Amino acid sequence: KMKIYFKEEKRMLRKAVTLLLSGMLIMLFISVAGAESPTYVGASKCKACHIKQFNSWEQTPMAKSFEDLKAGAKAEEKKKAGIDPNKDYTADKNCLKCHTTSYGKPGGFKTIADTPDLAGAQCESCHGPGSEYRKVMMKNPKYKLDEVKAAGLVIPSEKNCTECHGADSPFNEKVDAKYKFNFKERLKKTHEQFPKKYQH
């Protein structure tokens, strides 16, 4: 009788553990499936709080980089780089990866018709998709840098920049000295010249 009792108890224990583990796996799946992936919001959303930085960026070639892909734009530069100045490159995937915001990445630029708000190399090209860290910034204007980094904000490095401003680009210093890329200088010209709204 004792053997039967222990056998039944073991069977019930195994069943309880199996149910518990199944429940935990289901909960884990639900929480992962329900978690939102960060999405791109576009520079116009950044502008609301970072107006000085936005205005500075707007004067850079990055802001107008999609326009450079159009036929006839920057004809002399294209000739120097060995590119046909009369060709329209606005659908060329080799160009779009640097002349738009995150082409080829989930939620990034697709086409000018589908995602016009992501044309040009915008804030999120360097700082990553902003939907989640923007929520942190909107909720608490005196946010700490660690908080927004935890929510996905990327602090760009020279490595990030040289993905587009490197030797692979047809517009590099071999073609024209003015294309020489200096990370520190470029950073000053975009928005580091402005003090942060809050120290963090």
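Which helices each supply at least two residues of the lining of the second largest pocket? I noted this one down before opening the model, which is predicted.

**Entry: the pocket**

I looked up the second largest pocket. I found about 170 Å³ of space in it. I then listed its lining: G42, A43, S44, F54, W57, E58, A63, P116, D117, A119 and Q122. I sorted these residues by kind and got six nonpolar, three polar and two charged.

Back to my opening question. The helices are α2 (43–47) and α3, and each gives the lining at least two residues. The largest share, three residues, comes from α3.

**Entry: helix α3**

That sent me to α3, which spans residues 51–58. I asked which of its residues are buried. I found Q53, F54, S56 and W57 to be buried. I then looked down the axis of α3. The buried residues fall within an arc of 165°, so they line one face of the helix.

**Entry: the disulfide**

Next I went through the cysteines. How many disulfides does the structure hold? I counted one. It joins C98 to C164, with the sulfurs 2.3 Å apart. I looked up the torsion about the S-S bond of C98 and C164. It is about -95°, so the disulfide is left-handed.

I also wanted to know where the two ends sit. C98 is in helix α5 (residues 93–99). C164 is in the loop between α9 (158–162) and α10 (183–192). The pair therefore ties together parts that are 66 residues apart in sequence. C164 is partly exposed, at a relative accessible area of 27%.

**Entry: cysteines in no disulfide**

I turned to C95 and found it in no disulfide. For C95, the nearest cysteine sulfur belongs to C98 and is 8.8 Å away. Is C95 buried or exposed? I have it as buried, with a relative accessible area of 19%.

C123 is in no disulfide either. For C123, the nearest cysteine sulfur is that of C46, 3.9 Å away. I compared that distance with the cut-off. C123 is partly exposed, and its relative accessible area is 21%.

Notes: Residues are numbered from 1 along each chain as its sequence is written. This is a predicted model: local features need pLDDT of at least 70, side-chain atom pairs count only at pLDDT 80 or more; totals for chains, interfaces and linings use all residues. Side-chain values use heavy atoms; hydrogens and water are left out. A disulfide is a pair of cysteine sulfur atoms within 2.5 Å. Helices (H or I, at least four residues) and strands (E, at least two) are DSSP runs, numbered from the N terminus. Buried means under 20% relative accessible area, exposed over 50%, partly exposed in between (1.4 Å probe, protein chains only). The arc is that of the directions from the helix axis to the C-beta atoms. On a 1 Å grid over the protein atoms alone, a cavity is a set of points where a 1.4 Å probe fits but cannot get out, and a pocket is an open set with protein on both sides within 12 Å along at least five of seven lines; lining residues have an atom within 4 Å of a point. Grid points are joined across faces, edges and corners, and a volume is the space filled by probe spheres set on the points. Ala, Val, Leu, Ile, Met, Phe, Trp, Tyr, Cys and Pro count as nonpolar, Asp, Glu, Lys and Arg as charged, and the others, Gly among them, as polar.
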